[in-house]
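Okay, thanks for coming, everyone. Let me put the structure up, and then we can walk through a few parts of it together.

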Amino acid sequence: MQSEGARTDRLGLLLDQFDRAREMAQVRLTGLGDEEYLWEPVPDCWSIRRRDEATTPRAFGPGEWVLDLGAPDIPANEYAEVARQAAGGMTVAKIADDWSVSVERVEQILAHTGAPEPDRTPMTTIAWRLGHLHYGFAGGWEWTFGERRQDPKLLVDFTPSAAVALDRFWTLLDRWRDSVATVTDEQLDTVGFSQYPYGSDPDDPYADVLSGANLELIHHMAEIALLRDLWRTRFGTAG
């Protein structure tokens with residue numbers, strides 16, 4: 001049964017999905033403290049760290065705290081996305097540039113016929129997941145509705161404070177949502193309406209970009225929710 005007042009147009013459906021995901025995420029993140037935010041459930045997690053303590057080769061950020069990022073590679077769970085990009089007409093060179101890997105690595109993945117390789121993506125902290133989302137949405141806004149000039153990796157001043165990080169993140173999502181709500185039907189169909197430089201946005205209709213952004217929010221928030229459950233189970237705290 002259709003909910004009263006529910007929209008059925010494309011933008012309406014995308015906004016409703018975003019709103020519901022954001023509402024659930026905000027409830028799930030209530031009460032997040034600094035210790036839990038930075039908790040590393042296993043050794044060698046990716047997280048946020050002081051610049052002089054970074055252990056990953058491509059950790060980034062504009063300030064004292066940086067977000068871990070390892071050597072370039074494409075995790076096994078993204079092989080289908082690589083195949084989709086190739087099927088959509090992207091050249092191997094462009095795909096390699098989008099993922100910051102070699103052309104040979106992309107060719108190897110596209111030629112892969114056996115079982116997928118084990119996913120080598122490391123475990124992450126809540127701080128890392130939230131920071132990853134934050135710079136992605138900040139960059140998505142800048143390269144769609146902003147000046148389209150600032151590197152997304154330099155837009156977010158990462159912080160060890162859970163409260164500060166969340167306050168900044170919800171504020172950003174409000175700005176994102178307000179801007180997306182102004183998009184026209186024609187713009188939804190416009191290829192390259194977003195010029196976000198890390199990914200396939202410049203080659204996709206904006207409706208696909210928005211759908212992908214919603215999925216990014218949903219799946220990373222689900223991972224954060226699981227980490228909260230593990231923390232509560234291990235340490236017997238409410239959350």
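So, to start: is Tyr37 buried or exposed? Keep in mind that this is a predicted model. With a relative accessible area of 3%, Tyr37 is buried. This tyrosine sits in helix α2, which spans 34–37. If you set aside the neighbours within four places in sequence, Tyr37 is in contact with a list of residues that includes Leu32, Ile48, Thr125, Ile126, Ala127 and Leu130. Thr159, Pro160, Ser161, Ala162 and Ala165 are on that list of contacts too.

Pro41 counts as buried, at 18% relative accessibility, because the cut-off for buried is under 20%. Beyond four places in sequence, Pro41 has contacts with Met123, Thr124, Leu227 and Arg234. Now take Pro41 and Gly89: they are 48 residues apart along the chain, and their C-alpha atoms are separated by 40 Å.

Asp44 is in the loop between α2 and β1 as well. Its phi is near 65°, which is a positive value in a residue other than glycine. Asp44 is exposed, with a relative accessible area of 69%. There's another one like this to look at, Arg148, which has a positive phi of about 55° although it is not a glycine. You'll find Arg148 in the loop between α6 and α7, and with a relative accessible area of 32% this arginine is partly exposed.

Okay, on to the helices. Two packed helices are described by the angle between their axes and the distance between the axes. So how do the axes of α1 and α7 cross? Helix α1 covers residues 10–28, helix α7 covers residues 162–180, and their axes come within 11 Å and cross at roughly 170°. The cut-off for roughly antiparallel is over 145 degrees, and α1 and α7 are therefore roughly antiparallel to each other. On the α1 side, the contact is made by Leu11, Leu15, Phe18, Asp19, Arg22, Ala25 and Gln26. On the α7 side, you have Trp170, Leu173, Asp174, Trp176, Arg177 and Val180. Sort the residues of that contact by type and you get 8 nonpolar, 1 polar and 4 charged.

A bit more on α7. This helix has 19 residues and reaches 26 Å from its first C-alpha to its last, close to the 27 Å expected at 1.5 Å a residue. Which of its residues are buried? Those are Ala162, Ala165, Leu166, Phe169, Trp170, Leu172, Leu173, Trp176, Ser179 and Val180. The elements covering them include α1, α2, α6 (126–142) and α9 (206–235).

Last topic: salt bridges. Side chains of opposite charge can pair when their charged atoms come close. How many salt bridges are there here? The count comes to 16, and I'll go through some of them.

Let's take Asp68 and Arg49, whose closest N and O atoms are 3.0 Å apart. This pair links distant parts of the chain, 19 residues apart: Asp68 is in the loop between β2 (65–67) and α3 (79–87), and Arg49 is in strand β1, residues 48–50. Both Asp68 and Arg49 are buried.

Then there's Arg129 with Glu223, a salt bridge at 3.0 Å, N to O. Here the link runs from helix α6, where Arg129 sits, to helix α9, where Glu223 sits, and the two are 94 residues apart. Arg129 counts as buried at 12% relative accessibility, whereas Glu223 is partly exposed, with a relative accessible area of 28%.

For Arg149 and Glu147, the closest N and O atoms of the salt bridge are 2.3 Å apart. Are these two buried or exposed? Arg149 and Glu147 are both exposed.

And finally, which residues are linked with Arg10 in a network of salt bridges? Asp185 and Asp189 are the ones linked with Arg10 there. Okay, that's my tour, so over to you for questions.

Technical notes: Residues numbered from 1 in each chain as written. Predicted model: local features only at pLDDT ≥ 70, side-chain atom pairs only at ≥ 80, totals over all residues. Heavy atoms only, no water. Axes fitted to C-alpha atoms, helices over the stretch in contact; angles between N-to-C directions. Helix = DSSP H or I, 4+ residues; strand = E, 2+ residues; numbered from the N terminus. Parallel < 35°, antiparallel > 145°, perpendicular 65-115°, else oblique. Contact = heavy atoms within 4.5 Å. Nonpolar A, V, L, I, M, F, W, Y, C, P; charged D, E, K, R; others polar. Expected span 1.5 Å × (residues − 1). Buried < 20%, exposed > 50% of the residue type's maximum accessible area, 1.4 Å probe, protein only. Salt bridge = Lys/Arg side-chain N within 4 Å of Asp/Glu carboxyl O.
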